[in-house]
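The following note sets out numbered points on the structure shown below. Each point may be read with the sequence and the 3D view side by side.

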Amino acid sequence: MLLNYIEPVFRPPSEAESLILQVTNGCSWNRCTFCEMYTEPQKRFKPNPIEAIREELAQFVSMNIPVRRVFLADGDAMTLSYRRLHQIMQAINEYLPDIQRVSAYCLPRNIKNKSVDELQALRQMGLDLVYVGCETGDDLVLERVEKGETWQTSLDALLKLQQAGIRRSVMILNGLGGVRYSEQHALNSASLMNESQPEYLATLVVSFPKGQQRLVQGYAGEFEALNLRQLLEEMEILLSALELEKTIFRSDHASNYLILKGVLSKDKERLLSQVRSAIAHPESMRLRAEWQRGL
């Protein structure tokens, strides 16, 4: 459900039935060399005025369309100040009093200047879930892709969100370290997840719809993209190293070759068996063809 958007608009797959409310345009960081979602001129970062947000909510209510969930777009709506987010949540509750959940994309840095009390207040107003783009737990890979984060800053944000009672859906990018750093990317990402125990974990395959040039530059000639077998081998390393208690795991994004779904650690051995079967006998597995994959 879209209102007055500056295209393109992106959302997590699980927000397909949500009202997408654009509270910012673009991404406040927008330097990650693997991401081209908000690089077009019209996607320059800008907060949407609260008056405009209220007008869009009023417009939507006038359509008399039932809605249970709201997703705050664009790339990292949580970069907004606590004061602005509080105003937005007040407006959502005013116009949509029966709303069940509000969610948003979130960069780890978005949480640094918000206190646990402030995050708890937002949670009490309905902000229940954030999608945290960690991408990797490896400090070298984070530096190469200009993420502007470290293993520690990512962990600090995830633990603060947990303390505030906000559920965390973490994204890790399969293949982000290339061939050279594949193993340490997988192992350090697993370490970050083990320390933070997120409620949800999703893996996406790093994709290059506009070419690899931006990413390759950050690696100074060291980057070599993983082939299908190497991507699966990296996934095997990641899953083997994960020690999660009750995290819902999904590797079913359109970029993934092999669809995996389960709860970790309960389904760990089954998921590993699927990955190992795909490595040994790819022809027998229902892998996505290249034309079926995308963002």
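This is a predicted model: local features need pLDDT of at least 70, side-chain atom pairs count only at pLDDT 80 or more; totals for chains, interfaces and linings use all residues.

1. Strand E4 (residues 69-73) and strand E5 (residues 101-106) run parallel and are joined by 4 bridges. To locate the pairing in the 3D view, the reader may take Leu72, whose bridge partner in E5 is Ala104.

2. The largest pocket. The space in the largest pocket comes to about 1,200 Å³. Of its 49 lining residues, Pro12, Tyr105, Met171, Leu204 and His253 are the closest to the centre. The elements E5, E6, E7, E8 and E9 each give two or more residues to this lining. Which element gives the most to the lining of the largest pocket? It is E8, with 6 residues. Sorted by class, the lining has 28 nonpolar, 10 polar and 11 charged residues.

3. The largest cavity. The model has 3 cavities of 30 Å³ or more. The largest cavity holds about 80 Å³ of space. Among the residues that line it are Asn174, Val205, Ser251, Asn256 and Tyr257. The lining of the largest cavity has 8 nonpolar and 3 polar residues, and no charged residues.

4. The second largest cavity. About 60 Å³ of space lies in the second largest cavity. Its lining includes Asn174 and Met235, and these two residues also line the largest cavity. Two or more residues of the lining come from each of E7, helix H6 (182-196) and H8. By class, this lining has 5 nonpolar, 4 polar and 1 charged residues; Glu234 is one of the lining residues.

5. Cis peptide bonds. The peptide bond from Ala73 to Asp74 is cis, with omega near 10 degrees. Asp74 belongs to the loop between E4 and H2. A cis peptide bond also runs from Leu264 to Ser265, with omega near 20 degrees. Ser265 is found in the loop between E10 and helix H9 (268-280).

6. Positive phi angles. Asn30 is not a glycine, yet it has a positive phi of about 55 degrees. This residue sits in the loop between strand E2 (24-25) and strand E3 (46-47). Asn30 is partly exposed, with a relative accessible area of 29%. Ala220, likewise not a glycine, has a positive phi of about 50 degrees. It lies in the loop between helix H7 (213-218) and H8. Is Ala220 buried or exposed? Ala220 counts as exposed because its relative accessibility is 70%, and the cut-off for exposed is over 50%.

Notes: Residues are numbered from 1 along each chain as its sequence is written. Side-chain values use heavy atoms; hydrogens and water are left out. Two strands pair if DSSP finds at least two bridges between them. On a 1 Å grid over the protein atoms alone, a cavity is a set of points where a 1.4 Å probe fits but cannot get out, and a pocket is an open set with protein on both sides within 12 Å along at least five of seven lines; lining residues have an atom within 4 Å of a point. Grid points are joined across faces, edges and corners, and a volume is the space filled by probe spheres set on the points. Ala, Val, Leu, Ile, Met, Phe, Trp, Tyr, Cys and Pro count as nonpolar, Asp, Glu, Lys and Arg as charged, and the others, Gly among them, as polar. Buried means under 20% relative accessible area, exposed over 50%, partly exposed in between (1.4 Å probe, protein chains only).
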